[in-house]
Amino acid sequence: MLNIDQTLAAKDLRPALTRFWRLSGEKIKLIEKHFDAALGTPVFTAAGAYTTRGWTEWTQGFQYGSAVLQFDATGEKEFLRIARENTVSRMAPHVSHIGVHDHGFNNVSTYGNLRRLMREGRVPHNEWELNFYELALKVSGAVQAARWTKHARGGFIYSFNGPHSLFVDTIRSCRSLMVSHALGHNFCGEGDKRINLLERALAHIRSTAEFSVYYGEGRDTYDVSGRVAHESVFNVKDGAFRCPNSQQGYTGFTTWTRGLAWALLGFAEELEFLETCDDSELKPLGGRRSLEAMMLKAAIATAEFYIANTPTDGIPYWDTGAPGLVHLADDYLDRPSNPFNDHEPIDSSAAAIAAQGLLRLGRFLTKREKKRAGARYWQAGLTVFRTLLDEPYLSTARTHQGLVLHSIYHRPNGWDYVPPGSKIPRGESSMWGDYHARECALYVQRVIEREPYYTFFG
């Protein structure tokens, strides 16, 4: 399990963050120089160069959002230019995209981050530019909320697989609904019926907590507390839950660790958003106490599962039930991760996502006077992130376009690059892994420098 360093302080990471941002800037420039945007969106690297994968264009917001984060962290205006120009010229299709569950990834990472910088005074205020960002965010949240399936006890934003499919990833896309709601947007359906975006977001979160996350309460034979199913399948005729499934994990009864990380971060940051809501608007939706308890239960369960099922340095294997794990030493979780083994790959992108979730959860609990639990998760997050800031995970080769190495995209489909002489994928990066490493770095840097606390809602 993760060996949590109780002595590590955020400020101890300052030298590593300076190095990280230097390398990060170099990688962004490499992609800008060498990637042909006419081919599509960069998704993951093969032999060190970013390549496309036309499944859905869910990573473009991470590409240009990374440039926003780089400017935010360093003040280098070249990256602001890259972010602004490409958001205007390339991101509009993502705002109106009715076929995906990724609006919180693409649009909050670009339009949302640019709006946040303007509201913080990091860039000059321009009313028309601010209106442009806010209109995009309002529409994006409504378009995302329109992908709606009702079930017996609520509803969910359905995945690109279709109306039967609830993905655990989508909890982070709920951010688009929450931002749109916070901006006062009126989302209307048939007959001009108003649809409450906050209500839909919270209903989706509740469905994720109920069907995607397990709590060791006897739900099925494999009900281990904190285990996460990537996909939950429903009968769209009567709304009944049918079974767990997995698109990118090994099975519906094992835990794909990136899905686990999405859940951990999603619950933690949406708990933070809940703090900005008035009791009066939460009361008809279940009330603050009930909503917070539901989200906190899921956040803690997934955090504990991550800690227990991750090697000592905090970087997990891609799935906790991956079949090749039986060929590793029996104590593989009691030693540092090994991306150079011959049996199953590591997924560093899961660690980049989970590190931020652990930090946010730790801070939330500390604010609630649960200092012991808060310290546990805060220190866990710092421990995981420290590992990512160094070799063999930090990409230091000048010709490699990726920032964080040993990320996995889709192991079951065999999409990941296997280098010569290796039996498994290794040594490559993903756009979401690199973005979330940057996001976590900015989060920690702002804590160190006592700058405004970084949230998706600004």
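Student: Two strands pair if DSSP finds at least two bridges between them. With that in hand, which residue takes a positive phi in the hairpin of β8 and β9?

Tutor: That is G239, with phi near 80 degrees, and the hairpin has 6 residues between its strands. Strands here are DSSP runs of E with at least two residues, helices are runs of H or I with at least four, and both are numbered from the N terminus. Keep in mind that this is a predicted model, where local features need pLDDT of at least 70, side-chain atom pairs count only at pLDDT 80 or more, and totals for chains, interfaces and linings use all residues. Residues are numbered from 1 along each chain as its sequence is written, and side-chain values use heavy atoms, with hydrogens and water left out.

Student: Thanks! What is the strand order in the sheet with β8?

Tutor: The order is β5-β8-β9, an open sheet of 3 strands with antiparallel pairing. β5 (165-167) and β9 (241-245) are at the edges with a single partner strand each, so one side of each has no neighbour in the sheet. From one strand to the next, the twist averages 20 degrees.

Student: How many bridges hold β8 to β9, and how many join β5 to β8?

Tutor: β8 (residues 231-234) is joined to β9 by 4 bridges, and β5 to β8 by 3. To place a few residues, S232 of β8 is the bridge partner of L166 and also stands opposite P244 in β9. V233 faces C243 in β9.

Student: Are the faces of β8 covered or open?

Tutor: Both are covered: E231 and V233 are buried on one side, S232 and F234 on the other. Buried means under 20% relative accessible area, exposed means over 50%, and partly exposed is in between, using a 1.4 Å probe and protein chains only.

Student: Which helix lies across those strands?

Tutor: Helix α9 (residues 197-212) does, running at about 90 degrees to β5. For such angles, axes are lines fitted to C-alpha atoms, for helices over the stretch in contact, and the angle runs from 0 to 180 degrees between N-to-C directions.

Student: Switching to helix pairs, at what angle do α8 and α10 pack?

Tutor: Helix α8 (residues 174-182) meets helix α10 (residues 257-274) at about 10 degrees, and their axes are 11 Å apart. That makes the two roughly parallel, a label for angles under 35 degrees, with over 145 roughly antiparallel, 65 to 115 roughly perpendicular and the rest oblique.

Student: Which residues make the contact?

Tutor: C174, R175, M178 and A182 come from α8, and E269, E270 and F273 from α10. Contact means heavy atoms within 4.5 Å.

Student: I see E269 in there. Is E269 buried or exposed?

Tutor: E269 is buried, with a relative accessible area of 1%. Apart from neighbours within four places in sequence, E269 is in contact with R172, R175, R360, F456 and F457.

Student: And E217, what does its side chain do?

Tutor: The E217 side chain makes a polar contact with the side chain of K297, at 2.9 Å. A polar contact is a pair of N or O atoms within 3.5 Å; within protein, one must be able to donate a hydrogen and the other to accept it, and residues adjacent in sequence count only if both atoms are side-chain atoms. E217 lies in the loop between α9 and β8 and is exposed at 56%.

Student: What about T149, where is it found?

Tutor: T149 is in strand β3 (residues 148-151), and at 6% relative accessibility T149 is buried. Its side chain reaches the backbone oxygen of P163 at 2.7 Å. T149 and P163 are 14 residues apart in sequence and 5.9 Å apart in space, C-alpha to C-alpha.

Student: How many residues of α6 are buried?

Tutor: In helix α6 (residues 108-119), 11 of the 12 are buried, so α6 is largely enclosed by the rest of the structure. G121 follows α6 with a positive phi, near 80 degrees.

Student: Last one: which residues are joined by a cis peptide bond?

Tutor: E391 and P392, with omega about 10 degrees. P392 sits in the loop between α14 (371-388) and α15 (431-448). D192 is exposed, at 63% relative accessibility.
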